[in-house]
Amino acid sequence: MTTKLTSDEAIRFFNEHFPEGCSYNENYSQVAAIRSGSNGQEVNLRFQRLGNQLQFLASLYDKAPAIKEQVKIAILATLTAMEELQNASGESLLFSNATLGGSPSGGIVLAGLVIAYEHVYNDLDTIDQNRLLHATESLANQIASWMDSTANPSFNALEDTVDCWRNQKFANFAVNGPILHVGGLGLYLDVLSSHASATDYPKYDVLYKYGTYVMDRWSTLDPSETMASLAIGGLVTINSGRKFFPSSGYNAYVGMGLAWLAHGIAYTGSTGVIPDCRLINDSHKINNFYRNTFDSQPDMKAYEISEPADFTGEQLKEETILAVVEQGYTRTEIDQLRSAHLDSSTGYLYTLSWNADAAFLIALDKAVRTSGETVFLANEVNDGSSVIVAYARVGEAAAHRAMAGFAGMLQRGILTVTDGK
């Protein structure tokens, strides 16, 4: 196994994936097309991707002095693209009507704004400082208002847990979006709050409930209570086969959200300092589930839709599908879900870098390489890239998970990445 400096590989990533870089390839992450909207993504997904981009760029900014000016130009271009996004009613997603609830975009964007405020703000001119601060406060206020609103179905469902087939639990709503929203708010409160401590925040109890209920009510734990998986979840009024199944992308976003939210439970003063908070340990339990999955699968693959609550993460089998259909779900729903969640699913776990489990990330590099979710260029000896860079070349969905992964590594002080050998 060869190790490489995370900062060097992050610079390589920037040069390949951003038009401000020196070796931009538009086929990888489509950054320019996402900014302009020319790639045809719906508006909330574009918003989410721009949040991933801002997290990465702001985390890289003060760690890449040789390309600092290019990174700042990319940050301002990304912020401009965010400001221009509107919903169907012509309202700004950033300033007046961010989609909250099941969509994770609002929290992902807020996290990017907070990191940019912490690392880039002082190097901006007054106009751009005001743009950044206004956007950050606006989105934080939206999430704070949404968080405990009686019109928020996620909040109303916080007390609900459904015990279902094979002892798998699921929340009465999709957990990943809300956890990322309140996680982004936790980062905001830690960096920008005027409160002396986390418990002084008037809505602290709601933040704490969102975080602790992930494991206490909605996770399925192994007998040792060191491994945890979460079913995808969803409102019980929606007849969806999603409820039974763990998902690598879903679980990774929940784990990232918990690591962010820890900042709202125990202030540290910086996104780069890991809070002394149980939510970090809870996030690690998701890592442990996937470490076991790697060991259980010959190809070390973490499937986007896997067997429920068996702690091996096996690919969904036909007999499971038939058994779920007998519970009243339709085969069409399950097949449609599976068809949309087949590619690059192990690499989605890079977003768990935010909980700073360095041993997990080394295992993940090997798993991503072994599962074949990489594009090493030409002669690998000459290319010399890390697994996360080679994974990011698979396509824009993979690249944006890699951006969040790099952001977490740069923030949490993960100094090296590997070639996965």
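## Nonpolar core

L185 touches L110, A140, I143, A144, M147, Y201 and L207, leaving out residues up to four places away in sequence. This is a predicted model. The largest nonpolar core has 137 residues, and F56, L185 and F294 touch the most other members of this core. Helix α10 (residues 248-265) supplies the largest share of the core, eleven residues.

In soluble globular proteins, nonpolar side chains tend to be buried together.

E304 is found in the loop between α11 (278-296) and α12 (318-326). Is E304 buried or exposed? E304 counts as buried because its relative accessibility is 7%, and the cut-off for buried is under 20%.

Apart from neighbours within four places in sequence, the residues in contact with E304 are P246, S247, S248, G249, Y250, H341, S345 and Y348. With one of these, S248, the side chain of E304 makes a polar contact of 2.7 Å. The C-alpha atom of E304 is also 9.4 Å from that of N251, although 53 residues separate E304 and N251 along the chain.

Side chains of opposite charge can pair when their charged atoms come close. The model has 20 salt bridges.

One of them joins R393 and E16, with 2.7 Å between the closest N and O atoms. R393 is in the loop between α16 (387-392) and α17 (396-412), while E16 is in helix α1 (residues 6-17), so this pair ties together parts of the chain that are 377 residues apart in sequence. R393 and E16 are both buried.

Another salt bridge is formed by the side chains of D148 and K203, at 3.4 Å from N to O. This pair also links distant parts of the chain, 55 residues apart: D148 sits in the loop between α6 (126-147) and α7 (153-156), and K203 in the loop between α8 (176-192) and α9 (204-218). D148 is partly exposed, with a relative accessible area of 28%. K203 is partly exposed as well, at 22%.

Which residues are linked with D282 in a network of salt bridges? The network consists of D216, R278, D282 and K285. Within it, D282 and K285 form a salt bridge whose closest N and O atoms are 3.9 Å apart.

Both D282 and K285 belong to helix α11, where three residues, about one turn of the helix, separate them. D282 and K285 are both buried.

Key. Residues numbered from 1 in each chain as written. Predicted model: local features only at pLDDT ≥ 70, side-chain atom pairs only at ≥ 80, totals over all residues. Heavy atoms only, no water. Core = buried A, V, L, I, M, F, W, Y, C linked by side-chain atoms within 4.5 Å. Buried < 20%, exposed > 50% of the residue type's maximum accessible area, 1.4 Å probe, protein only. Helix = DSSP H or I, 4+ residues; strand = E, 2+ residues; numbered from the N terminus. Contact = heavy atoms within 4.5 Å. Polar contact = N/O pair within 3.5 Å; in protein donor to acceptor, adjacent residues only side chain to side chain. Salt bridge = Lys/Arg side-chain N within 4 Å of Asp/Glu carboxyl O.
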